[in-house]
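These are notes for a colleague who is going through the model. The points are numbered so that each can be checked against the coordinates.

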Amino acid sequence: MRLADFFDLGARVLRSLDPETAHKITISALKTGLARPLEQTTPSSLATKALGLKFSSPLGLAAGYDKNAEVANGFLRFGVGFVEVGTITLRPQAGNPKPRLFRLASDRAVINRMGFNNKGLHAAAYRLAKRNKVPGIVAANIGPNRDSQDAPADCAQCARTLAPLADFLVVNVSSPNTPGLREMQNAEPLDELVQAVLGARDESGWPTPVVVKIAPDLDPSGCEAIARVVLDRSVDGLVVSNTSTGLRDGLTGTNAGEAGGLSGDPLFALSTQVLADMYRLTEGRVTLIGVGGISSGADAYAKIRAGASLTELYTALVYNGPGLIQRIHNELAELLKQDGFSSVAEAVGTASQPQ
Ligand SMILES: Cc1cc2nc3c(=O)[nH]c(=O)nc-3n(C[C@H](O)[C@H](O)[C@H](O)COP(=O)(O)O)c2cc1C
């Protein structure tokens, strides 16, 4: 049996368990080194530069998988170009009552209302400090606690502590499971938050890039407001996008009625459209990270052509296992070659020209 088949079999077994138990088992296996691939061969044409960093691949692991920064090293061995850990909040919090994670297998989708369950800033900082010498790019995603009285101050403290420990920071204003969080995407609160985080990053003395993660459920004026803040404040980029609170029509899974954020296949078109819009609105001047429904090389390629310099995935790994990463790499390298691109950077935004 090929190793990839072994992991695909493992993914099938895990899918027979309740999803949060399956996730816990996977994290333990990664922590103990039990889940470990053999050789990964990332095609050299996928090596790329973004945010002033050198990536072996433009495909990373999206936030929410490694909420406590416990398995970044373990996951990097599967060949991803980077891992985004978090969301990390200042204080530990339990998240929403279970069940809060639902598979919609027939839709190749997931609905989650986890609510930032995580062990808090200090636990994550300790983990990141411990892994610091291992090669591989790790981003830290930060957000406010549910009961935060001062979200900008709390996020600033996270940024100050994590700037020396992460390769880039992601400010999450787009989880649908923290009441009021998405309102921080509006111009004024976003500007205040971004200034607080950038100020704290500067105080840390580390030039760690800062990007903002946005929702796919934005109207045109919401997109314009975000683009203005990003350009005015010299934010380094955007992650587009988080899960959707909409897109429920046409779902067939028995869990389709659950409250929370939808991810996976049904999110692909909307998140790619918002990505293209943000590329146009930010005039190709900031780094965009495309995420939402990627499950093939063609999907990653479409995000890159829409304007993404980097891409991420989560839900497709639930259904396909980590063998998918090598498959996406091979397909993406082939697509770039077919279209005559010698690098990822050459293909960025070729399907959506800036204004
Ligand atoms: C179970 C689960 C938990 C998530 N937790 C977070 C989180 O803590 N912070 C965050 O920014 N995004 C979180 N996300 C969103 C993902 O990072 C990603 O933006 C989204 O799932 C779309 O990508 P996908 O379709 O490849 O899964 C979570 C997603 C899932 C499925």
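1. I begin with a single strand pairing. Leu101 has Asn112 of β6 as its bridge partner. The pairing of β5 with β6 is antiparallel and comprises four bridges. The model is a predicted one, and its local features should be read as such.

2. The sheet around that pair comes next. It is open and has three strands, in the order β5-β6-β11, with antiparallel pairing. Its edge strands are β5, residues 101-104, and β11, each of which pairs on one side only. From one strand to the next, the twist averages 25 degrees. Strands of a sheet are held in pairs by backbone hydrogen bonds, in either a parallel or an antiparallel sense.

3. The peptide bond between Lys98 and Pro99 is cis, with omega near -5 degrees. Pro99 sits in the loop that runs between β4 and β5. In the loop between β5 and β6 there is Arg108. Although Arg108 is not a glycine, its phi is positive, at about 50 degrees.

4. The model also contains a barrel. Eight strands close it in the order β3-β4-β7-β8-β9-β10-β12-β13, and here the pairing is parallel. The twist between one strand and the next averages 25 degrees.

5. Strand β7, residues 137-142, runs parallel to strand β8, residues 168-172, and four bridges join the two. Ala139 has Phe168 as its bridge partner in β8. Helix α5, residues 151-162, lies across β4, β7 and β8. The helix runs at about 160 degrees to β7.

6. Which peptide bond that ends at Thr87 deserves a check, and is it cis or trans? The bond from Gly86 to Thr87 is cis, with omega near 15 degrees. Thr87 is part of strand β4. This residue returns in the next point, as one of the closest to the ligand.

7. How many residues surround the ligand? There are 24, and the closest are Ala63, Thr87, Lys213, Gly293 and Thr315. By class, the shell around the ligand divides into eight nonpolar, 14 polar and two charged residues.

8. For Thr87, an N or O atom of the side chain is 2.7 Å from a nitrogen atom of the ligand. For Asn141, a polar side-chain atom is 2.9 Å from a ligand oxygen atom. For Asn172, a polar side-chain atom lies 3.1 Å from an oxygen atom of the ligand. On its own the ligand has 610 Å² of accessible area, and the protein covers 97% of this. Two or more residues of the shell come from each of β4 (82-88), β6 (109-112) and β11 (261-264).

9. To put the points together: the open sheet supplies β6 and β11, and both of these elements give two or more residues to the shell around the ligand. Strand β4 is one of the eight barrel strands, and it too gives two or more residues to that shell.

Note on methods:
Residues numbered from 1 in each chain as written. Predicted model: local features only at pLDDT ≥ 70, side-chain atom pairs only at ≥ 80, totals over all residues. Heavy atoms only, no water. Near = heavy atom within 4 Å. Polar contact = N/O pair within 3.5 Å; in protein donor to acceptor, adjacent residues only side chain to side chain. Areas by Shrake-Rupley, 256 points an atom, 1.4 Å probe, with all protein chains shown as cover. Nonpolar A, V, L, I, M, F, W, Y, C, P; charged D, E, K, R; others polar. Pairing = 2+ DSSP bridges. Axes fitted to C-alpha atoms, helices over the stretch in contact; angles between N-to-C directions. Contact = heavy atoms within 4.5 Å.
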